[in-house]
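We will go from stop to stop, selecting as we go.

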Amino acid sequence: MKSIQALWASVMVILGLCTYLLFSKQEKIAYVESTRIFQDYKGAKFERDKLESRRKEFKLKIDTLSREVREAIIHYDGQSDSKTKQLIQFKEKQLDDYRRSVEQTLHTEESAAMSKVAAELNAFLKDYGKRNNYKFIFIASSSGTIAYAAEGTNVTEDVLKEINGK
């Protein structure tokens, strides 16, 4: 009788231990809102501000060149010699070439900046996921990559607080 009770007690302890292990290792899954992360992350804001500063700097240069072209047109208006027309065409071409160059430079700088921000965020999310025992952290985009998520699985606010606190 005592051996049956001891056997039952052992079975109950083993079942309890298995249940504990099964439910204590709950796999956590979460997601972050990519739009909010890129808008509210201080590192992304810093990069956007740098790019905006560069845009303003280039705009001033383009405005100066545009003014020079307009002034050349006004100054030489009515003159029909070919050298004058060539000078104006040359200035206009310089302005167009500079605009294209600026657009390409800004595009390249923006791509590099956003790649840098994405790499920082990915590294942070990897570390965040490990520290908080997440099996997955998904990225929800505005195009609707996550159709449904249970309440409490959106960790965007926590991520922003932690990454901006650094």
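What pattern does the chain follow, read along the sequence? The pattern is α-β-α-α-α-β-α. That comes from five helices and two strands, where helices (H or I, at least four residues) and strands (E, at least two) are DSSP runs, numbered from the N terminus.

This is a predicted model, in which local features need pLDDT of at least 70 and side-chain atom pairs count only at pLDDT 80 or more, while totals for chains, interfaces and linings use all residues. Residues are numbered from 1 along each chain as its sequence is written, and side-chain values use heavy atoms, leaving out hydrogens and water.

**Stop one: F58 and Y98**

The structure holds four aromatic pairs. Rings of Phe, Tyr and Trp (its six-membered ring) pair if their centres lie within 6.5 Å; planes under 30 degrees apart are stacked, over 60 edge-to-face, and the rest tilted. Select F58 and Y98. Their ring centres are 6.5 Å apart and their planes are at 70°, so this pair is edge-to-face. F58 belongs to helix α3 (residues 42-75) and Y98 to helix α4 (residues 82-131), so the pair ties together parts 40 residues apart in sequence.

Now colour by accessibility. Buried means under 20% relative accessible area, exposed over 50%, and partly exposed in between (1.4 Å probe, protein chains only). F58 is buried at 8%. Y98 is partly exposed at 21%. Of the 166 residues in the chain, 22% are buried.

**Stop two: F136 and F138**

Select F136 and F138. Their ring centres lie 5.6 Å apart with planes at 10°, so the pair is stacked. F136 is partly exposed, at 42%. F138 is partly exposed too, at 40%.

**Stop three: Y134**

Select F124, Y128 and Y134, which form one aromatic cluster.

**Stop four: α4 and α5**

Show α4 with helix α5 (residues 156-164). They pack at an angle of about 110°, with axes 11 Å apart. Axes are lines fitted to C-alpha atoms, for helices over the stretch in contact, and angles run from 0 to 180 degrees between N-to-C directions. That makes α4 roughly perpendicular to α5 (the range is 65 to 115 degrees).

Which residues of α4 and α5 make the contact? Select L121, F124, L125, Y128 and R131 of α4, and D158, V159, E162 and I163 of α5. Contact means heavy atoms within 4.5 Å.

Notes: Angles under 35 degrees count as roughly parallel, over 145 as roughly antiparallel, 65 to 115 as roughly perpendicular and the rest as oblique.
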